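Here are my notes on the model, point by point. Have it open while you read.

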Amino acid sequence: QTRIALTGTPVENRLAELWSIMDFLNPGYLGNFNFFRTKFELPIQKYNKKQPLEKLQKLVRPFILRRVKTDPRIIKDLPEKQETKVYCPLTREQASLYEAVVKNTLEKLDDTEGLERRGLILAALMKLKQICNHPTQFLHDQSYLDGRSGKLTRLSEMLYEVVAEGDSALVFTQFREMGELLRIYLDKSFDSEIMFLHGGVPMTARDNMVQRFQEGREPKIFILSLRAGGVGLNLTK
């Protein structure tokens with residue numbers, strides 16, 4: 001007669017998750033899904049409207065017991081976050097590609113406006129990110145990886161230090177293609193199977209990966225795409 005929902009992941013991906021949880025706890029309380037999507041999800045997520053957000057918060061607050069990282073009782077249990085920014089120089093190949101993309105984009109921008117102009121800028125930013133990762137990701141040339149990316153060189157150095165100390169590491173990437181390149185490269189570099197978790201990994205395989213990493217078995221390095229590994233995983237190791 002009583003239902004309780006326990007979640008370790010706050011509603012960070014989609015508001016539809018909140019509707020799903022509440023519909024399990026109190027069926028119909030937030031209306032059917034189409035009603036919820038029209039009255040709350042679209043106005044809040046797509047148009048950033050405050051009134052529907054405030055109304056939804058009032059509706060669900062009586063049913064939710066939550067704690068946040070800023071709670072003083074929780075902060076005591078968490079170690080201080082240590083963040084170090086590492087700046088990696090571009091290789092000559094990367095710099096040449098980077099300059100070419102910038103020059104080509106600027107030339108095209110002179111003749112465009114509105115949405116087309118915005119699209120060109122976003123496409124250029126994506127290309128520049130790929131070049132900074134590795135020329136192979138941008139060129140799709142499937143050739144050797146060594147010595148062509150300052151970022152990959154520094155990552156390798158850091159991971160060797162981590163493994164030498166007996167520690168473990170999580171490597172996040174925005175791009176699935178780059179994750180695959182890293183997996184192949186690091187697999188050979190460390191002579192050990194490197195796991196890569198992305199959106200195409202089945203749930204059973206995903207759970208197995210997490211378990212293997214948490215138990216401290218080989219490998220000590222775990223690559224994750226931001227989309228698949230950004231939230232909802234317990235990777236304290």
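1. R212 and E193 make a salt bridge, with their closest N and O atoms 3.0 Å apart (the rule: a side-chain nitrogen of Lys or Arg within 4 Å of a carboxyl oxygen of Asp or Glu). R212 sits in helix 10 (residues 203–214) and E193 in the loop between helix 9 and strand 2 (195–197), so the pair ties together parts that are 19 residues apart in sequence. R212 is buried at 16% relative accessible area, while E193 is partly exposed at 45%. Here buried means under 20% relative accessible area, exposed over 50%, and partly exposed in between (1.4 Å probe, protein chains only). Helices (H or I, at least four residues) and strands (E, at least two) are DSSP runs numbered from the N terminus.

2. A word on the source: this is a predicted model, where local features need pLDDT of at least 70 and side-chain atom pairs count only at pLDDT 80 or more, while totals for chains, interfaces and linings use all residues. Residues are numbered from 1 along each chain as its sequence is written, and side-chain values use heavy atoms, leaving out hydrogens and water.

3. The salt bridge count comes to 6. In helix 2, E41 and R37 are 4 residues apart, which means about one helical turn, and their side chains meet at 3.2 Å, N to O. E41 is buried, at 5% relative accessibility, but R37 is partly exposed at 36%. R183 pairs with E180, also by a salt bridge, at 3.2 Å; these two are 3 residues apart in helix 9. E93, D141 and R148 are linked in a salt-bridge network.

4. Which residues have the most contacts inside the largest nonpolar core? They are L159, V171, L182, L186, I221 and I223, in a core of 17 residues. Such a core is a set of buried Ala, Val, Leu, Ile, Met, Phe, Trp, Tyr and Cys residues joined through side-chain atoms within 4.5 Å. Helix 8 (150–164), strand 1 (169–173), helix 9 (176–190) and strand 3 (221–225) each give two or more residues to this core, and helix 9 has the largest share, 6 residues.

5. Now strand 1. A169, V171 and T173 form its covered face, and L170 and F172 the uncovered one. In a regular strand, side chains alternate between the two faces of the sheet. Strand 1 runs parallel to strand 3, joined by 5 bridges, and A169 has I221 as its bridge partner.

Technical notes
Pairing = 2+ DSSP bridges.
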